[in-house]
Amino acid sequence: MTDILFIYTSNGLHKERFIISIEVKQRPKRREQRLRSDQKMAAAPETKTVHSPALTYFSMLSLLSLCPPFVILLWYTMVHADGSVAQTWNYLKQHGLQGFIDIWPRPTAIAWKIIFVYGAFEAALQLLLPGKRVEGPISPTGNRPVYKANGMAAYFVTLVTYISLWWFEIFNPTVVYDHLGEIYSALIFGSLIFCVFLYIKGHVAPSSTDSGSSGNFIIDFYWGMELYPRIGKNFDIKVFTNCRFGMMSWAVLAVTYCIKQYELNGKVSDSMLVNTTLMLVYVTKFFWWEAGYWNTMDIAHDRAGFYICWGCLVWVPSVYTSPGMYLVNHPVNLGMQLALYILVAGVLCIYINYDCDRQRQEFRRTNGKCKIWGKAPSKIEATYTTTSGETKTSLLLTSGWWGLARHFHYVPEILAAFFWTVPALFNHFLPYFYVVFLTILLFDRAKRDDDRCRSKYGKYWKLYCNKVPYKIIPGIY
Ligand code: NDP
C-alpha cells in the first residue's frame, strides 16, 4: 500500500494548511473565490509523497479499481465456491470476463432496502440517543471537534433490536445472508457515489477549516478533503461511516452468520461460537472505547475520502467479517478444550490491545500524572509548531506497552484476528485473508505514523526512537 504525507516540511514543522472555514463562506463571493484559489495554490506544491508520485498514483488507481471486484470475488468464493480460491480461479479461467460479469450480483430492491433501513436506523441512534459531550483532539488548524459519546448505547440497542426481530419472527437475519452478494454490490456502488458527494462537499461546502484540496482530483478523491465533515452541526459523517455503519455492521453480520448456521444445521458449531464471540468482544471493546477512537489516526489525521470511508462502508462489512462468512458453510468441530484455549487467547489479545490504547490515552489525559504498570511513567516532552506558528507540547510515553515498541499495540490486534480465524482450521487460505491484509495494513500504518510523527516532533521523535528502537515487534522489528 502506498501513502501520502500531506504538507510536512523538512524542518519538522507541522504545516497541515488547508482551505476555507465556515466564516470564509459568509464573506462576499469574490473574496471567497480568491481566498480559495490562493489557498489551493498554497496547498498543492507542498504535497509530498512517501513513495514516488508515479508509484503513488499507480497504487491509488490500482486500489480504486481492484477493491470492488475483490469484494465480489471474496463473497462468491466464500458462499458459492466452498471457500476455495482454486475453484474460483478455475471458473474464471474457463469463463473469462463474461463469467466474472455473470457472478457479479446486481443490486436489488431488497438489498437497497436493507442498507437504507440499517443506515437510517444507525443515523437516528447517532443523533437521538443521549451521550456525554466529548471533545476530540485539537486539529491542525486549531479546531476542536465535539462529539456525543453514545456509541455503546447504539451498539446495545442495535444488537438487542436485531436479535429481537429474529426471536419474535419479525425479520429473519438469514435474509441478509441470502442477499449478501447483492448487498455488497449495492454498497460498492452506493459508497462510490457517497465518496463523490464527499469530494464535492469538500470543494463547495466544507464544514470547517480542516479541509482543502491538493490540487489533484485523484488524491482528493482517494485521501479525502475534509477532516471532520458534518451534515448540519451535529451529524458527524466519519463517526457514521467508520463507527455506526462500518464497525456496527461487523457485529450485525457476525450475529447473522451465527443465525444462518443455526437455521441451516439446527445448531451452532463451537468454531462458529468462538469466532462470533471473539468478533463481538472486539466490537464491544471498540464501542466501549469509541471516544478514544476519535483520538486515533483514522479520525484525527485521515481525511474523509475513498481510503477511509469506502473502506469502512464496504471493506469492513465484507473483508473484516469474512472468517465468519466462511464458517457458515464449514462448521468445524473443535472440541471443548481447544475451543476454550482459542477463546481465552483471543480475549487476552483483545484485552492487551485495549490496554495499550487505554494506557496512551490515560497518560495523555492526565498529562503524565498517572501510574503505568504501577510506576510513574517515563516520558519525553516533545514540542512542535502549529500552522499558526504557535509552539505546543505533547507528551510521549516511553514506558509500559509504549516502551516495548513504538507500535506494539498492533501485535495483539493481529493476533486477535488470527485467533478468531483459526477456528476455521487450515483447509483453505481465504479465511486468513483478513489477517494477512491487517498485517500489511498495520505495518504500513506504523511507517505512516512514524513519518508523520518524525515530521511533527523532529528531534524529539528521534529521541523516542533511540529510547524505544523497535517499531512493532520488540527485539525483532
Ligand atoms: P494510535 O492510537 O496508536 O495513534 C498514533 C498516535 O499516537 C500518533 O500519531 C501520535 O499522535 C501518538 N503517539 C505516538 N506514540 C506515542 C507515545 N509514545 N505516547 C503518546 N502518544 C503517542 O494509532 P492507530 O489509530 O493506528 O491505532 C488505534 C487503535 O486502532 C489500535 O488499537 C489499533 O490496533 C486499531 N486499529 C485497527 C485497525 C483495523 O483495521 N482493525 C486499523 C488501524 C488501527 P500525536 O500527534 O497526538 O502525538
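This note goes through a predicted model of a protein chain with a ligand, point by point.

1. Basis. Residues are numbered from 1 along each chain as its sequence is written, and side-chain values use heavy atoms, with hydrogens and water left out. The model is predicted: local features need pLDDT of at least 70, side-chain atom pairs count only at pLDDT 80 or more, and totals for chains, interfaces and linings use all residues.

2. The chain overall. The protein chain has 20 helices and 8 strands; helices (H or I, at least four residues) and strands (E, at least two) are DSSP runs, numbered from the N terminus. Of its 477 residues, 57% count as buried, where buried means under 20% relative accessible area, exposed over 50%, and partly exposed in between (1.4 Å probe, protein chains only). The accessible surface of the protein chain is about 21,200 Å², and 65% of this belongs to carbon and sulfur atoms. Accessible areas come from the Shrake-Rupley method with a 1.4 Å probe, and for residues only the protein chains shown count as cover. Among contacts in the chain with a separation of 6 or more, 76% join residues 24 or more positions apart; contact means heavy atoms within 4.5 Å.

3. The shell around the ligand. The ligand is surrounded by 28 residues, the closest being D357, Y410, R445, D449 and Y457; a residue is near a molecule if one of its heavy atoms lies within 4 Å of it. By class, the shell has 17 nonpolar, 3 polar and 8 charged residues. Here Ala, Val, Leu, Ile, Met, Phe, Trp, Tyr, Cys and Pro count as nonpolar, Asp, Glu, Lys and Arg as charged, and the others, Gly among them, as polar.

4. Where the shell comes from. At least two shell residues each come from helix 16 (336-365), strand 8 (391-397), helix 18 (410-421), helix 19 (433-457) and helix 20 (459-467). Helix 19 gives the most, with 10 residues. Domain 1 (55-136 + 146-331) and domain 2 (334-476) both give residues to the shell around the ligand, so the ligand lies between them. These domain bounds come from an automatic or database domain assignment.

5. For Y464, a polar side-chain atom lies 2.9 Å from a nitrogen atom of the ligand. Taken alone the ligand exposes 920 Å², and the protein buries 93% of that.

6. R406. This residue is in the loop between helix 17 (401-404) and helix 18. R406 counts as buried because its relative accessibility is 6%. R406 and Y464 are 58 residues apart in sequence, yet their C-alpha atoms are 8.5 Å apart. Leaving aside neighbours within four places in sequence, R406 is in contact with residues including D450, W461, Y464 and C465.

7. D355 and W401. D355 lies in helix 16 and is buried, with a relative accessible area of 7%. The side chains of D355 and W401 make a polar contact at 2.9 Å. A polar contact is a pair of N or O atoms within 3.5 Å; within protein, one must be able to donate a hydrogen and the other to accept it, and residues adjacent in sequence count only if both atoms are side-chain atoms. The C-alpha atoms of D355 and W401 are separated by 8.4 Å, and the two are 46 residues apart along the chain. Leaving aside neighbours within four places in sequence, D355 is in contact with W373 and W401.

8. Positive phi. Most residues other than glycine have a negative phi. W373 is not a glycine, but has a positive phi of about 50 degrees. W373 sits in the loop between helix 16 and strand 7 (379-385) and counts as partly exposed at 47% relative accessibility. E169, also not a glycine, has a positive phi of about 55 degrees. E169 is in the loop between helix 6 (151-167) and helix 7 (174-178). Is E169 buried or exposed? E169 counts as exposed, at 73% relative accessibility.

9. T158. Helix 6 holds T158, which is buried with a relative accessible area of 4%. The side chain of T158 makes a polar contact with that of E122 at 2.8 Å.
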